[in-house]
Amino acid sequence: MDEQDPHPRLPSLLHAEHGFDNSEQTPLLKGNALPKPTRRPLPWRQLFILFWIQLAEPLTSQVIYPFINKMVRDMPITGGDEAKMGYYAGVIESLFSVTQALTVLYWSRLSDRVGRKPIILIGLLGSTLSMACFGVSTTFWGLVFSRCISGALNGNAGVIKSMMGEITDETTIAQAMALMPVIWNTGATVGPVIGGWLSNPHEQFPSLFRGPFWVTYPYALPCFVVAIYCAGTLMVTFLYLEESMKLHNPASETLEVGDTSSSIPPFQPSQLPLSQVLTPQVRISIITYTLLAFLDIALRAVQPLFLTASPSFGGLGFTVPLVGTCLAAFFFASGVYQALAFAPLYAWMGPKRIYMLSMIMFVPIWILFPIMSASLGEGKVVNGATWVELALQIILYIIMDMGFSAAFIYIRASAPNAYSLGVTNGLAQTGVSIARAIGPASATSLFALSVQISRDTQIQFGPVLQWLGENLVYVIFILISFGAVMTVKRLPEKLEIPVREGAVEIDESES
């Protein structure tokens with residue numbers, strides 16, 4: 001950001017040509033209409049590296065879900081009480097987001113000054129150390145420490161989105177952003193499989209994993225596998241990822257400017273203060289994205305808890321490997337759909353209709369939980385009706401997941417200017433991190449409270465109040481889902497993103 005533009009009049013010429021106000025506060029959302037630009041090819045090599053980096057986050061977060069409840073239950077802190085399992089598991093699941101919320105804005109603003117690549121390398125290092133520590137933790141506080149390391153050092157979520165915004169334009173943004181949930185869902189597919197099938201290796205693969213180490217640390221293997229992936233990604237990033245910040249003025253290489261007199265002061269972009277970054281467009285985009293992330297992470301926390309809890313505790317009683325397989329089916333199907341369908345649906349429906357549709361899907365998704373529990377019948381056995389309902393929930397989840405691609409596009413378009421993209425993504429990621437910190441703990445705690453209400457024979461309610469109490473967690477999140485739908489209605493219908501002087505062009509034709 002400290003380099004001076006060798007053609008100081010270029011930004012003014014660009015703004016004059018397109019009718020822009022030559023100001024750092026020119027919004028990227030709902031800007032002046034431009035002639036339809038020529039479509040540029042996507043820089044696939046750099047996108048592939050970014051996707052490879054992005055894959056690390058869902059792997060580190062999702063790998064623990066199949067076994068975290070049993071891991072916590074076996075620790076002395078619960079005293080073997082299954083009813084307390086949800087409280088402590090929710091705390092562990094939330095810690096990454098709590099610490100990330102405290103630091104992600106700092107990392108994002110720092111990336112606007114020192115570049116994106118150094119921040120990404122620090123985040124990958126934190127993920128590597130965190131997963132290695134998590135796998136050998138035998139106390140609750142050991143788990144707390146390892147998750148805090150990962151969150152405090154990881155600002156990659158916001159920085160990756162900033163890089164994506166810098167190496168794409170309005171002709172390729174939908175195609176590129178559609179792939180981000182695909183990568184997340186790929187990690188969310190592989191992560192539970194790793195966590196479910198590689199936990200307790202001394203029992204599942206006794207001929208390969210002998211010795212006391214694997215008995216003492218039954219969940220070390222899946223954590224080590226993810227830690228090795230993060231370490232490998234760290235090396236790939238260091239060697240091959242190009243820094244997008246160094247190319248903030250590529251147009252100077254292709255446009256001829258007649259007067260380059262040194263008497264004209266050079267164009268020097270600068271960061272806006274937070275008060276000027278938080279425009280109405282930025283605020284509403286962040287609020288809707290935060291609500292989407294809150295409902296999503298709450299769903300991800302309740303889903304494995306519902307599947308692993310015994311029928312007497314309001315669940316289905318699935319085994320850990322089966323839970324991993326079910327979660328993998330969720331995310332694999334969603335990833336395939338996103339890759340194939342989002343870009344054409346975006347062109348047909350527009351971002352707001354997609355956002356509305358995805359947010360509405362939360363309502364039937366939450367309703368299906370008590371329906372599945374009721375379908376077990378008196379025998380408390382999973383039957384054909386239960387599997388049909390679970391499959392329907394997967395389909396609704398696939399539709400809902402399109403909202404993240406729309407949210408990324410709204411956040412990118414709402415940035416006040418090209419040089420506030422990092423801080424805008426940082427603010428959005430801060431909101432999302434807070435939501436993801438609150439979501440698992442609140443959802444699992446409400447689940448545990450619902451179980452306690454259903455098993456408490458001391459208190460007598462009427463049938464309606466009794467049902468509401470037993471399904472309190474689902475009732476609350478259904479109401480939140482309706483509120484989120486109303487918030488999305490406040491977003492603009494169309495996005496018009498002007499040409500940005502700071503856009504990055506990466507030529508991969510010579511490689």
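**Contacts, core and surface of a helical model**

Trainee: Leaving aside neighbours within four places in sequence, which residues is Trp366 in contact with?

Mentor: The model is a predicted one. Contact here requires heavy atoms within 4.5 Å. With neighbours within four places in sequence left aside, the partners of Trp366 are Leu295, Ala298, Leu299, Val302, Tyr474, Phe477, Ile478 and Ser481.

Trainee: Which residues touch the most other members of the largest nonpolar core?

Mentor: The largest nonpolar core has 129 residues. In soluble globular proteins, nonpolar side chains tend to be buried together. Within this core, the residues that touch the most other members are Tyr355 and Trp366.

Trainee: Which helix gives the largest share of this core?

Mentor: The core in question is the largest nonpolar core, with its 129 residues. Its largest share amounts to 15 residues, and these come from helix α13.

Trainee: How many helices and how many strands are in the protein chain?

Mentor: The protein chain holds 511 residues, of which 58% are buried. Among contacts between residues at least 6 apart in sequence, 84% join residues at least 24 apart. As for helices and strands, the counts are 21 and 0.

Trainee: What span does helix α6 reach from its first C-alpha to its last?

Mentor: Helix α6 covers residues 140-153, which is 14 residues. At 1.5 Å a residue, a span of 20 Å is expected. The computed span is close to that value, at 21 Å.

Trainee: Does Leu143 count as buried or exposed?

Mentor: Leu143 is placed in helix α6. A residue is buried when its relative accessible area is under 20%. Because its relative accessibility is 0%, Leu143 counts as buried.

Trainee: What accessible area do Met235, Phe238, Leu239 and Tyr240 have together?

Mentor: The protein chain has an accessible surface of about 20800 Å², and 65% of it belongs to carbon and sulfur atoms. On the surface, Met235, Phe238, Leu239 and Tyr240 form a nonpolar patch. Their accessible area together is about 470 Å².

Methods
Residues numbered from 1 in each chain as written. Predicted model: local features only at pLDDT ≥ 70, side-chain atom pairs only at ≥ 80, totals over all residues. Heavy atoms only, no water. Helix = DSSP H or I, 4+ residues; strand = E, 2+ residues; numbered from the N terminus. Expected span 1.5 Å × (residues − 1). Buried < 20%, exposed > 50% of the residue type's maximum accessible area, 1.4 Å probe, protein only. Areas by Shrake-Rupley, 256 points an atom, 1.4 Å probe, with all protein chains shown as cover. Patch = residues over 30% accessible without salt bridge, like charges linked within 9 Å, V, L, I, M, F, W, Y side chains within 5 Å. Salt bridge = Lys/Arg side-chain N within 4 Å of Asp/Glu carboxyl O. Core = buried A, V, L, I, M, F, W, Y, C linked by side-chain atoms within 4.5 Å.
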